[in-house]
Amino acid sequence: MSGKVIGIFIVGIALIAGVAIYWLQVYAFYDDVSLDTQLRMTNVVTGEPEIVLYDSFQGIDADSSPLRFRGCFTTTMSLAMLTETYEVYEQATPLTAPGWFDCFDASQIGAALEVGEAIAFLGERNIQDGVDRVIAIFPDGRGYAWHQLNEKYSE
């Protein structure tokens, strides 16, 4: 009888630990950054990041990793103007966001970048050591931002 109790206890603790680990990874460390974020894109001529015009920004970030930043917004700036003004980012690979942050669909953004439906721009190089902020813009003005490893750590 005591073996069953110990077995039930171990399984119960494992389930509680599993739920806690899942919650910590998916929900616990993210903060809303919608109000205090300034989006910048790197100018082709100066090589310096400049603040860009945007509306309706929704964003999340976490102190636990520089790669957890995600953002969704809209802009009235045209793709033609953006490509002439800001540096295009060739190796853009959007990282998956938590399922509850539903405005950011990494697979849709990645597919649009592959076929040329959207264009990725360098937001800021080394926003943190070895991490770039990348911004993808669609022709209809939808924009998405994320952080990804640059050449310092990607090889």
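## Side-chain links

In this predicted model, cysteine 72 and cysteine 103 are joined by a disulfide, with an S to S distance of 2.1 Å. The link between cysteine 72 and cysteine 103 is right-handed, at 85° about the S-S bond. Cysteine 72 sits in strand S5 (residues 70-74), and cysteine 103 in the loop between helix H2 (79-85) and helix H3 (106-115). The two cysteines are 31 residues apart, so the pair links distant parts of the chain. A search of the whole structure finds one disulfide.

The two ends of this link fall in separate accessibility classes. Cysteine 72 has a relative accessible area of 5% and is therefore buried, the cut-off for that class being under 20%. Cysteine 103 has a relative accessible area of 22%, so cysteine 103 is partly exposed.

The structure holds six salt bridges. Side chains of opposite charge can pair when their charged atoms come close.

| Residue | Partner | N to O distance |
|---|---|---|
| Arginine 125 | Glutamate 87 | 3.5 Å |
| Arginine 125 | Aspartate 132 | 3.2 Å |
| Arginine 125 | Glutamate 151 | 3.9 Å |

Arginine 125 lies in strand S6 and glutamate 151 in helix H4 (residues 151-154), so this pair ties together parts that are 26 residues apart in sequence. The pair of arginine 125 and glutamate 87 also links distant parts of the chain. Here strand S6 (residues 119-128) holds arginine 125, while glutamate 87 is in the loop between H2 and H3, 38 residues apart.

Glutamate 87 is partly exposed at 28%, and glutamate 151 is partly exposed at 48%. Aspartate 132 has 0% relative accessibility and therefore counts as buried.

## Asparagine 43

Asparagine 43 is placed in the loop between strand S2 (40-42) and strand S3 (49-51). With a relative accessibility of 10%, asparagine 43 counts as buried, because buried means under 20%. Leaving aside residues up to four places away in sequence, asparagine 43 touches Glu48, Glu50, Thr85 and Tyr86.

Notes:
Residues are numbered from 1 along each chain as its sequence is written. This is a predicted model: local features need pLDDT of at least 70, side-chain atom pairs count only at pLDDT 80 or more; totals for chains, interfaces and linings use all residues. Side-chain values use heavy atoms; hydrogens and water are left out. Helices (H or I, at least four residues) and strands (E, at least two) are DSSP runs, numbered from the N terminus. Buried means under 20% relative accessible area, exposed over 50%, partly exposed in between (1.4 Å probe, protein chains only). Contact means heavy atoms within 4.5 Å. A disulfide is a pair of cysteine sulfur atoms within 2.5 Å. A salt bridge is a side-chain nitrogen of Lys or Arg within 4 Å of a carboxyl oxygen of Asp or Glu.
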